[in-house]
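Colleague: Please take a close look at the packing in this model, and walk me through it slowly. Give the cut-off behind each term as you go.

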Amino acid sequence: MKYKLIFFVLAALPAAGLNAQMLSKAHAISGRVVSATDGEYLGGATIRLLKGKAAVMAVSSGMFTIQVLHLPDTLQVSHTGFHTQLVPVNNYAGGLTITLQPVAGELEPVVVNTGYQRLKPNEVNGAVTVIDNKTLAMQTGTNILSRLKDVTSGLAFNEGYTNNNIQNKTAISIRGLSTINGPLDPLIVLDNFIYEGDIASINPADIESVTVLKDAAAASIWGARAGNGVIVITTKKGKFNQKLQVEISSTVTLMQKPNLNALPEMSVADNVDVEQFLFNKGYFDDDISKGYVPLTPAVEVFLKAKNGLISPADSSGEIDALKGIDSRSQYSRYFYQPAYTQQYALNLRGGSQQLAWLISGSYNRDIDNLSATYNKANFRLSNTYHPAKNLEIILDAYYTASKSVTGKYAYNSVSAIGGRYVPYLRFADDHGNPLPVTNGVNANYIDTAGAGKLLNWQYYPLEDYKHNRGTANLDAIIANAGINYHLLKPLSFSLQYQFQQQRTNSSYYSDTASYHARNLINLFSQLNRTTGQVSHIIPLGGIMQHTNNVIKSQNVRAQLNFSRQWGLHAVTAIAGAETREVAANGDGSIFYGYNSNPLSYANVDFVNYYPTFVTGGYSLIPGATSLSAANNRFVSVYANASYTLLDRYTLSASARKDGSNILGVTTNDKWKPLWSAGLGWEVSKEKFYSLTWLPYLKLRTSYGYSGNVDLSRSALPVAGYGNDFITGLPDASINTINNPGLKWEQTGQLNFGLDFRTASSSFSGSADYYFKKGTNLYGQTPYDYTAWGMQNTIIKNVADMKGKGMDIVLRTTNINGRFKWNTMLLYNYNTSKTTAYYDDASRNLTSLLGPGRNISPVVGKPLYAIAAYKWAGLDKEGNPQGYLNKQVSTDYAAIYDEAFNNGLEEDNVRYIGSGIPTSFGSLINTFLWKGLELSINISYKFGYYFIKPSLSYSGLVSQGGGDKEYANRWQKPGDELITNVPSFAYPVNSARDAFYGESEINVLRSDHIRLQYIDVSYSLSAKDNSLLHGLRVFFNAANLGILWRANKYNLDPDYPGTLSPPVSFSIGVSANF
Amino acid sequence: MTLLSKNRNIAWLMIIAMVTAISCKKYLEKSPDARLAVPQSVTDLQAVLDFTNVMNLYTTPGIGEASCDDYYLQESTYSSSPVTWQNLYTWQLGDYFFQNGWSKAYNAIYNANYCLDELANTPPAPQAQDARNNVKGSALFYRSYYFMHLLWEFAKAYDPASSNTDPGIVLRLGSDFNVPSKRASVKECYDRVIGDAKLCAGYLPEHPAHVMRPSKGAAWGLLAKAYLSMREYDSALHYATLCLSIDHDLIDYNGDPDINGSISATVPFVRFNKEVIFYSEMNNNNFINSPTKAKIDTLLYAMYDSNDLRKTAFFRVYSGGYRFKCIYTGNISQYFTGIATDEIYLIKAECEARTGKIPEALDDLNTLLQKRYSNATPYVAFISDDPATVLQKILQERRKELLMRGVRWMDIKRLNKENANITLVRNIGGQTYTLLPNANYYALPLPADIIQAAGIAQNEK
């Protein structure tokens, strides 16, 4: 409420300074502004009378009309990206053509595409970032969104932060969080419509620019789904009056093999010693007595030695041999390789008076570290016709076909024997021949079971991947058709239709030789021990699983556009309506006894339980068929208008209302639009403005609302069907009750912005400060359970949060001569906290114990936050100590209880801080000398914490493996003075492990600086008459590692306990003809 | 100018089109996920009522039974129990929270209300009239049944003098959770219980597919129980008689196919045996009187004659006392609270005795007891012509037959209204606690989180 007030006061300020200026009825001069290079019409150019002091702006066709009181006068024509030109006028004339020369080295003028409108940056009061083609080319990832990383103000990649919602796919957050339980992804828009297909299908080579809409004024036009910000992706288009242009490019990227030895694993010898210890304690006796349970190789040796089958000397020899093996080097040697990506693109474009066209094709080929392949081809056609003066017809089609095939086995995917991690596996003998590895069934059991009547039950990881092949074929089409009809000068009407279809066809084929097929067939084999007859419940042959998914969406939008300038006034307005339907259908099936040549399969019984071979337990044959169908419908109306006066005051407003079948009836029925308003003031255009060193200064402010909708929620009651376990009658369990009041989450945002540029553009930039307030967020809340009784909390639109932050962009030209040095600094600050939440966990610091990588709403704390137990060191027996009743204690369960009962009080638990960066950004330095350009991106993240991986003895005992700090554990009295790693106490106490792992000594500052990429390119400047217009050769190195970090353990705070993304190198060439 | 106004018209047309689209409700009523099964058809609704986890199992409130005098706790059991349940034992129950008997009963009531709401939206189909009737009758029965059990627990005994003002329970009659809860008077509540029970009998079959489902006999049994608790003995007699006209089988404890081998077995009877008319279980969230902890009151145990087979069938020695074997549930740790023929015989006998029909009362009592006493020596029928003696005997047999069946708490309340002057006493932890007849505490406290969330009045202490 407070913010709203500030906003309206600010909005009123410039209005007070206005002088009503009357238009005189003097004669006018009219004409058109065009670009000197390609004759493109320069809408938005400013035409100013030097004597008469009047000014107008050219409309989108470049046309302008200006009233001139006294002749002669001079027109000052300016446009961003072009040299300002002075045109003396001596008589009243029409049809003047003013040609502007582009500023050398500057790019084509930036266009802000909101998905509904294309605007000049000065027409926008909201916070918007446009990433142009050149910046996108600085990174070589095949995913368009990944190229936004570290070059986009206000945008963060939160990789590794897990949140259990299938709608969270991008890991991108724009200006921090706006929701607690809702979807976290920003809205992705491709060519004016929401894109819900696979983002990997879009080829970056086809993209002209990406516009990021950050605040409410920019995003609220997207209404109930814009709460997380909007990323508008615009594809390349042909232009009218353009000569044929051909652009080809090729890029090859090489990514290093991951260094598995960098993983913080305890040593193989220590692992084997722990197994020995556990074996002696009888830990494996249960498993051993069953006979069929798989045992690790070391335990097999201990068992043989115990049973007297081998001598103690042989035993220790075998154990030493095992200690000499390291699974990591086995994986690295046999499974991993450097990854390669090849990207090729060709695009042709041109245009006449009537037609602007583009044809492009591209091909990508990836081979990843595990030899999995991904091939993709894109084909695109884009045509704009201008058949009549008032009419424009747009026809676009974008087709993608891709295929991915699985590769070898990833680290750790085969090393679990009987659920136990084995760090000393061998996949091949000294001659490279595949060796078997124990998998689901005990190795000795395999030798005797089934009296030779079953299929071979050995598992050879080195061979097996060849017999398991997952394939995913995707084909997608996006087709656009639209017309623009200019009804009368200021008014045009557009009708757009978009059809998207994405079909994915996945299969997973385990052939007859695969372990998966052999194992299942054996498990479901019935052996008659007297006759020796084997009957196969699962027929011999391969196993083929199929899944098909189709997403279809249809959008229709009708929009009226109004754009008019008269004298000192300019109005741009749109109003429209759209409907959208997304239908997703899927099916899955599995075929046993599958053979591809001749194509055949056998029927199996999915209904009845069969005894399985090893345990005799009854089991169903896995995987019957599945079907799914989902459908989302939206109906929306919207309007957006901006009014500019004197080319310096811009007032804008928008409103939008959405109805949807996922919202409650009462929400759909209410007319409650999401709205925004904004105000821009180009101070530097005021007469009183006299700072010559700062020729451009603009202030902006905006306030408004956008929404966030969880597509997986329903306002309807939902039941699960089954058969009653007692009566056998069909029954239905109502798991979610009807909530006719279900509505979208709402985010209000207040933004203050400032844009500036010094003389000769040596220093420019922008700064935005914003406040966000999320209300009506989905949240668990207690309710009067007399109404239902199944649960004491339900999810309603009840939670609130607040956020604030700033986005700063500074650009400097440090050296400007034949040698140029430019710097861009991005700085972002963002914090958020839960302000209203109603379940018990939200009033308890114990909810924040742990890595802080899940959203955990605790009132007054950031959404990702870390709390930790206070630490009182190790005691004289190596036990970790905390506090209980302010006394040092090792009663871990009681310590937790005290912490839990204390709620938000910091007694034996301490609140540490945010789990995600609160300050982050990057520094990009670019050096230019002739055609040579060097760009270095250094990114930084500050103001957050992480938990360092630590040793869990319960994990070590039950699953094997642990952190390398095992070597530093407490072993003898006195060690407590030199280490914090607790002693190995057996039997293990999981509460002790949890206490140690979540105590403050394991929480570290995450702050660090990373060398993100270095890009070197050489451009051959165009020679007018040559066939070749331009040639660019480049080299790029990315993920070059951490330059500085706050922690002393050499850990990558964003990837604790896992591997940092490997370094990648790209070389490429692009040419224009 | 005309062109401009034409464009204005287009603009208006568009706005109208938008508004029409917005109000195009049908378009937005499509279910977003075809697998989000929204129960709507009569078959679906029957399935909702057949979900026994919500409709029958652990559903009737249990803190009343935990407040009764049929059991006692050993000191060690008491002292190791949470304070909340210690207080329950000593009639000082304070704040307690979800999950509880209130929530379990209202969960079943929600399902019933949901079905009744949806049924109103589903057009009748002639070929499915029986199914529709069964859903309607069942939903009314369940709602009435759980309303009654909630009343017995959370309201004072029915007293015509004060029932108009005594606070009853929340009569939720629809499935929209946005409707606020308020407590109706005891009279309104009983009117609803009786009215719905009478209505549902007309829709229900005599023989249900399973005793987890309501039937005509169950409806009449429910009416008999309700009227008895209101001390309207003529009506109770009427419906008990109707009920027994359909369901009247008794297990002969001397030998019966429904006995699991022997009555001395841990689980003496099969679960859905011939005596069960409608099956429900007690909510077990107040485990203070769970069968392993609750030791049967020694005076009560002493009331069973040595040739009374119930002594063997009901009890066994367990850690220094006698524990109840939880007959009828087929599960040694769950209490049966449904409607069974033995209870209906006892209601009928009591009402007959109270209305001067002594021979009939003796006849019904002896019919039951003959199946309970050993026939090693021939059964000697109980005979008396003194109405008070007969009533006393019937009430004693009622207590012996129906212990841990969810009726004793209500019996104490109503009998005290008949001046039985039953004072409950517990000696534990070196202290003596008493609960005087007609104390306010007989209307047990509501869950604390309900008082907070719903803003309804707590019962007086």
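Modeller: Buried area is the accessible area, taken with a 1.4 Å probe, that two parts lose on being put together, summed over both. Between chain B and chain A that area is about 5200 Å², and carbon and sulfur atoms give 68% of it. This is a predicted model, in which local features need pLDDT of at least 70, side-chain atom pairs count only at pLDDT 80 or more, and totals for chains, interfaces and linings use all residues. Residues are numbered from 1 along each chain as its sequence is written, chains are lettered from A and ligands numbered from 1 in the order in which they are written, and side-chain values use heavy atoms, with hydrogens and water left out.

Chain B puts 58 residues into the contact and chain A puts in 62, where contact means heavy atoms within 4.5 Å.

Now the helices within chain B. Helices are DSSP runs (H or I, at least four residues), numbered from the N terminus. Axes are lines fitted to C-alpha atoms over the stretch in contact, and angles run from 0 to 180 degrees between N-to-C directions.

Helix α11 (residues 216-229) and helix α12 (residues 233-246) of chain B pack at about 155 degrees, with axes 8 Å apart. α11(B) and α12(B) are therefore roughly antiparallel, a term for angles over 145 degrees. Their crossing is left-handed, that is, the near helix is turned anticlockwise from the far one by less than a right angle. Among the residues making the contact are B:Trp220, B:Leu223 and B:Tyr227 of α11(B) and B:Tyr239, B:Leu242 and B:Ile246 of α12(B). By class, the residues of this contact are 12 nonpolar, 3 polar and 1 charged. Nonpolar covers Ala, Val, Leu, Ile, Met, Phe, Trp, Tyr, Cys and Pro; charged covers Asp, Glu, Lys and Arg; the others, Gly among them, are polar.

Helix α9 (residues 129-154) and helix α18 (residues 408-417) of chain B have axes that come within 9 Å and cross at roughly 60 degrees.

Conventions:
Helix = DSSP H or I, 4+ residues; strand = E, 2+ residues; numbered from the N terminus. Parallel < 35°, antiparallel > 145°, perpendicular 65-115°, else oblique.
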